[in-house]
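Reader: I am new to reading protein structures. Could you take me closely through a single part of this one?

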Amino acid sequence: MSTLTKSAVQLPPMSLRVGKATAKTAKAAPAWSLRLARSLGAENAVDLLVHQHRQIKLGFLKAALPGPWRSRNFHRLMRLLAVHEAAEEAHVHPVARRALRHGREVAARRRHEEKAAKELLISLWRTGPDGPGYLRRLNEARRVITRHAAREEREEFMALRQAVSAPRLRMLGAEVRLTQAYAPTRPHRWVNNEATNKLAAPVLGPLDRALDAVRHRGGT
Ligand SMILES: [Fe+2]
Ligand SMILES: [Fe+2]
């Protein structure tokens with residue numbers, strides 16, 4: 001994480017991160033896309049993802065609580081993390097890469113952080129809420145993911161608000177919601193970028209959800 005911290009510090013000021021592409025991206029979205037976003041009841045993607053960051057932080061606290069609800073809280077947290085990152089990797093970071101002046105570097109750093117977090121989540125998933133070392137692994141994942149979320153908000157989301165028009169951010173919100181409706185619900189090591197998320201979602205999404213339903217019926 002020290003490399004990441006260092007690289008994050010080296011980022012230019014926020015005002016410099018909105019690049020030439022901004023002018024193009026910030027143009028008003030076509031009327032049809034605005035109508036579609038409205039019909040989907042789409043929220044601004046950044047507002048939606050920041051709200052989910054708060055839910056994730058709360059989810060980590062709930063998943064640490066002892067008692068009969070721990071398993072349910074753990075699986076809810078895993079699901080939220082999986083669909084949240086899937087939508088960011090498939091839609092949000094690609095938009096940042098194109099719309100921000102230093103978008104390539106910003107998106108690459110986020111992807112690097114997400115890959116590291118995914119490794120921790122896979123290990124946490126394998127341990128499970130009743131396994132040895134659960135709380136230690138949960139806490140480690142919480143620290144890494146909370147730091148990652150803070151960097152997203154500071155380095156990426158703030159710049160997106162400046163660079164991308166409000167209708168486009170609402171369209172992006174609709175894309176995030178749609179993706180989250182069928183994305184995989186647990187961490188998968190090789191599903192970690194735009195292409196693999198888009199390819200894997202139609203296969204792994206239903207498979208994970210079928211396994212979730214079996215687990216739910218089994219009462220775990
Ligand atoms: Fe992320
Ligand atoms: Fe995020």
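Author: What follows is a close look at the metal site, then at some charged pairs.

Keep in mind that this is a predicted model.

Start with the iron ion (ligand 1). Which residues hold this ion? The iron ion (ligand 1) is coordinated by Glu 85, Glu 88, Glu 114, His 148 and Glu 152. The glutamates give OE atoms, and His 148 gives its NE2. The distances run from 2.0 to 2.2 Å. Along the chain, the donors of the iron ion (ligand 1) follow the spacing E-x2-E-x25-E-x33-H-x3-E. Buried or exposed? Glu 85 and His 148 are both buried.

Now the iron ion (ligand 2). Its protein donors are His 53 (NE2), His 84 (NE2), Glu 88 (OE) and Glu 152 (OE). Read along the chain, their spacing is H-x30-H-x3-E-x63-E. What is the geometry of this site? The 4 donor atoms of the iron ion (ligand 2) make angles of 81 to 175 degrees, and the site is irregular.

How do the two ions relate? The iron ion (ligand 2) and the iron ion (ligand 1) are 3.5 Å apart, and Glu 88 coordinates both. Glu 88 lies in helix H5 and Glu 152 in helix H7, so this pair ties together parts 64 residues apart in sequence. Glu 88 has a relative accessibility of 0%, so Glu 88 counts as buried. Glu 152 is buried too, with a relative accessible area of 0%.

Stay with helix H7 for a moment. H7 has 30 residues. From its first C-alpha to its last, H7 reaches 41 Å, close to the 44 Å expected at 1.5 Å a residue. H7 also bends, by about 35 degrees, at Glu 153.

Helix H7 leads us to the charged pairs. How many salt bridges are there? The count comes to 15. One of them joins Arg 161 and Asp 47, whose closest N and O atoms are 2.9 Å apart. This pair links distant parts of the chain: Arg 161 in helix H7 (residues 134-163) and Asp 47 in helix H4 (residues 45-64), 114 residues apart. Arg 161 is partly exposed at 40% relative accessibility. Asp 47 is partly exposed as well, with a relative accessible area of 40%.

Compare a pair within one helix. Arg 110 forms a salt bridge with Glu 113, with 2.7 Å between the closest N and O atoms. Both lie in helix H6 (residues 103-127), 3 residues apart, about one turn of the helix. An α-helix has 3.6 residues a turn, so residues three or four places apart point the same way. Arg 110 is buried at 0%, and Glu 113 is buried at 2%.

One more pair. Asp 212 forms a salt bridge with Arg 215, the closest N and O atoms being 3.1 Å apart. Asp 212 and Arg 215 are 3 residues apart in helix H9 (residues 194-217), so about one helical turn separates them. Asp 212 is buried at 10%, whereas Arg 215 is partly exposed at 22%. Salt bridges with shared partners join Arg 79, Arg 186, Asp 208, Asp 212 and Arg 215 into one network.

How values were computed: Residues numbered from 1 in each chain as written. Chains lettered and ligands numbered in written order. Predicted model: local features only at pLDDT ≥ 70, side-chain atom pairs only at ≥ 80, totals over all residues. Heavy atoms only, no water. Salt bridge = Lys/Arg side-chain N within 4 Å of Asp/Glu carboxyl O. Helix = DSSP H or I, 4+ residues; strand = E, 2+ residues; numbered from the N terminus. Buried < 20%, exposed > 50% of the residue type's maximum accessible area, 1.4 Å probe, protein only. Donors = N, O, S within 2.8 Å, 3.2 Å for Na, K, Ca; no water. Expected span 1.5 Å × (residues − 1). Bend = angle between axes of the 7 residues up to and from the residue. Tetrahedral: all angles 85-135°; square planar, octahedral: opposite > 155°, others 65-115°.
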